[in-house]
Amino acid sequence: MPTIHVDLDENCYPIFIEHGHLGQIGELLKPKANSPKAIVVADAVVSKHYSETVSESLSNAGFDFRIVEVPSGEEYKSLTEFTRLHNQLINHRINRASTLLALGGGAIGDLAGFVAATYMRGIAWVQVPTTLLAQVDASVGGKTAVNHPKGKNLIGAFHQPKFVLIDVKTLETLPAREIRSGLVEIIKYGMIMDTPLFDQIEENLKAILDLDESILIDIIARSCKDKAYVVGKDEKESGLREILNYGHTFGHALEALTDYDTYRHGEAIAIGMNCAARLAVNLGMLDSTDWERQRNLLQRAGLPVKFESGIAPGKFIEKMYLDKKAKGGNLRLILPTRIGEVIVRGDIDDAAISTAISQCT
């Protein structure tokens, strides 16, 4: 079983990656749990596929648990659901020694993790991501949050899990659109720090989209290793970790402007990466051939690189300034200088940003 270690001193934890090992969740949790009391927060759709497997494993390991379902969708990563889940933990008499398990995609991980971070000032939790996007991004690094009408992930906390269990077999029940959406984050790692990974995706794209087990495990493990390295160097996003936001300042603004119901997260990030790379070309930072390689790979993967017209660049930039990554009244943008390298810029004027946005419609 490939295992990636996230090195965070007292908050270190492993990421287990395999095909078909979801049924081992109880066995893996038992030696790490301080109590047999647990609660599983599950995406309602995911629960239909995997709650029986998880329940049997937890029961065999002697856990007293309850499964609480949350409707699918980014709109449910809200303060309303946050409060409802706290009520469920109270009803199940979850205490400080208990464990919360998050079963689902990135939205469930963010929401459930924030509940775990705040309930009784913090309880242990485990990530069981079932989407490609969550497996390579949201489940690694301890970021938890809910959305606010004014912006994405504005209310949250850092709270590292005890471990992450990634079963690539869960990807087989996902729609193709979700696989493509998740692939964006893997392409992102290639763009920001891992040229060989970018090359590997270009060469094996069909096998990846066909869910070839060996290539999936390899690129997921490599992506987790890349992110674990960055998180290990900068847990609270005070420096290096900023590079993981490549494409996200644009993408998060697009999600908010379209009420989170037009684009999947990965689709919005794909458009955001195209905007960022286009801006870098305009500034003379990036060779146009590298921008074209990124754009072509995103398009070959069936992802959008432009958004529908109707959103004025001014409104777009206004929403970008609400992003958590804006500092001192300036937007801090992650811009590529070549495939495999990015830098942080906080000195780009709005006119240049507006031009790049206009080129992505």
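## Lining of the largest cavity

The lining of the largest cavity divides into 5 nonpolar, 3 polar and 4 charged residues. Here Ala, Val, Leu, Ile, Met, Phe, Trp, Tyr, Cys and Pro count as nonpolar, Asp, Glu, Lys and Arg as charged, and the others, Gly among them, as polar. This is a predicted model, in which local features need pLDDT of at least 70, side-chain atom pairs count only at pLDDT 80 or more, and totals for chains, interfaces and linings use all residues. Residues are numbered from 1 along each chain as its sequence is written, and side-chain values use heavy atoms, with hydrogens and water left out.

The largest cavity holds about 70 Å³ of space. Its lining consists of Lys-150, Gly-151, Lys-152, Leu-154, Thr-249, His-252, Ala-253, Ala-256, Lys-319, Met-320, Leu-322 and Asp-323. Two or more of these residues come from each of β8 (151-158), α9 (248-257) and α12 (313-320). α9 gives the largest share, 4 residues. Helices (H or I, at least four residues) and strands (E, at least two) are DSSP runs, numbered from the N terminus.

The whole structure has 2 cavities of 30 Å³ or more. A cavity is a set of points, on a 1 Å grid over the protein atoms alone, where a 1.4 Å probe fits but cannot get out. A pocket is an open set with protein on both sides within 12 Å along at least five of seven lines. Lining residues have an atom within 4 Å of a point. Grid points are joined across faces, edges and corners, and a volume is the space filled by probe spheres set on the points.

The second largest cavity holds about 40 Å³. Asn-245, Gly-247, His-248, Thr-249, Phe-250, Ala-276, Arg-332, Leu-333, Ile-334 and Leu-335 form its lining. α9 and β10 (333-338) each give two or more residues. By class, 5 are nonpolar, 4 polar and 1 charged.

The second largest pocket has a volume of about 160 Å³. Around this pocket stand Glu-10, Asn-11, Cys-12, Ala-124, Trp-125, His-159, Gln-160, Pro-161 and Lys-162. Its lining has 4 nonpolar, 3 polar and 2 charged residues.

## α9 against α10

The axes of α9 and helix α10 (residues 265-282) come within 7 Å and cross at roughly 130°. Axes are lines fitted to C-alpha atoms, for helices over the stretch in contact, and angles run from 0 to 180 degrees between N-to-C directions. α9 and α10 are therefore oblique to each other. Angles under 35 degrees count as roughly parallel, over 145 as roughly antiparallel, 65 to 115 as roughly perpendicular and the rest as oblique.

The crossing is right-handed. A crossing is left-handed if the near helix is turned anticlockwise from the far one by less than a right angle, and right-handed if clockwise. On α9, the contact uses His-248, Phe-250, Gly-251, His-252, Leu-254 and Glu-255. On α10, it uses His-265, Ala-268, Ile-269, Ile-271, Gly-272, Cys-275, Ala-276 and Leu-279. Contact means heavy atoms within 4.5 Å. The contact residues are 8 nonpolar, 5 polar and 1 charged.

## α7 against α8

Helix α8 spans residues 213-233, and its axis comes within 11 Å of that of α7, crossing at roughly 150°. That makes α7 roughly antiparallel to α8. The crossing is left-handed.

From α7, Pro-196, Leu-197, Gln-200, Asn-204, Ala-207 and Ile-208 take part. From α8 come Ile-215, Leu-216, Asp-218, Ile-219, Arg-222, Ser-223 and Asp-226. This contact has 7 nonpolar, 3 polar and 3 charged residues.

## α7 against α11

Helix α7 (residues 195-209) also meets helix α11 (residues 288-300): their axes come within 11 Å and cross at roughly 40°. That makes α7 oblique to α11. α7 passes α11 in a left-handed crossing.

Phe-198, Asp-199, Ile-201, Glu-202 and Leu-205 are the α7 residues in contact. Arg-293, Gln-294, Leu-297 and Arg-300 are their α11 partners. By class, the contact has 4 nonpolar, 1 polar and 4 charged residues.
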